[in-house]
Amino acid sequence: MSTDVDGIDSEPTVDDFSMISDSDSTPDENSDRDSITISSQSHPIRDEDEAVSQSQQDSQASQLQTEHISKISDIHAEITQLNQLIEAQQQTLEVHSEILNQLVEDLR
């Protein structure tokens, strides 16, 4: 690229390119600052969506906790019932054991 200044052909110098690149970088820096400012500002719609999402998550967590408590209560009731059955079977076995011991003694 050559320019004709007062009849003299001249090539652009490094300084000419650095001026172009410096002027180009300044708007980019400003646009970066603008985007940072925009992104750091509060967005009411996004905040509402996040609040609704958080509320839904809290509701789901509460529902899951209630379900878990219910299941734990059911399991506890089943364990109690099974313990009662085991105790009843244990008493039955003790009675059978006494009867067998008595039969063995009678047979001797």
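Student: Let's start with the fold: how many helices and strands are in the chain?

Tutor: In this predicted model, the chain has two helices and two strands. Reading from the N terminus, the elements run β-β-α-α.

Student: How should I read the confidence, and what is the mean pLDDT of the chain?

Tutor: As a general idea, where pLDDT is low, the predicted coordinates should not be read in detail. Here the mean pLDDT is 74, with 56% of the residues at 70 or more.

Student: Where in the chain is confidence lowest, and where is it highest?

Tutor: Strand E1, residues 3-5, has the lowest confidence, with a mean of 50. Helix H2 has the highest, at 90.

Student: What about burial: what share of the 108 residues is buried?

Tutor: Buried means under 20% relative accessible area. In this chain, buried residues make up 0% of the 108 residues. The accessible surface comes to about 10,000 Å², and carbon and sulfur atoms hold 55% of that.

Student: Which residues form a nonpolar patch on the surface?

Tutor: Val-95, Ile-99, Leu-100 and Leu-103 do, with about 360 Å² of accessible area together. One of them, Leu-100, is found in helix H2, which spans residues 44-107.

Student: Why does Leu-100 count as exposed?

Tutor: The cut-off for exposed is over 50% relative accessible area. Leu-100 counts as exposed because its relative accessibility is 53%.

Note on methods
Residues numbered from 1 in each chain as written. Predicted model: local features only at pLDDT ≥ 70, side-chain atom pairs only at ≥ 80, totals over all residues. Heavy atoms only, no water. Patch = residues over 30% accessible without salt bridge, like charges linked within 9 Å, V, L, I, M, F, W, Y side chains within 5 Å. Areas by Shrake-Rupley, 256 points an atom, 1.4 Å probe, with all protein chains shown as cover. Salt bridge = Lys/Arg side-chain N within 4 Å of Asp/Glu carboxyl O. Helix = DSSP H or I, 4+ residues; strand = E, 2+ residues; numbered from the N terminus. Buried < 20%, exposed > 50% of the residue type's maximum accessible area, 1.4 Å probe, protein only. pLDDT = per-residue confidence, 0-100.
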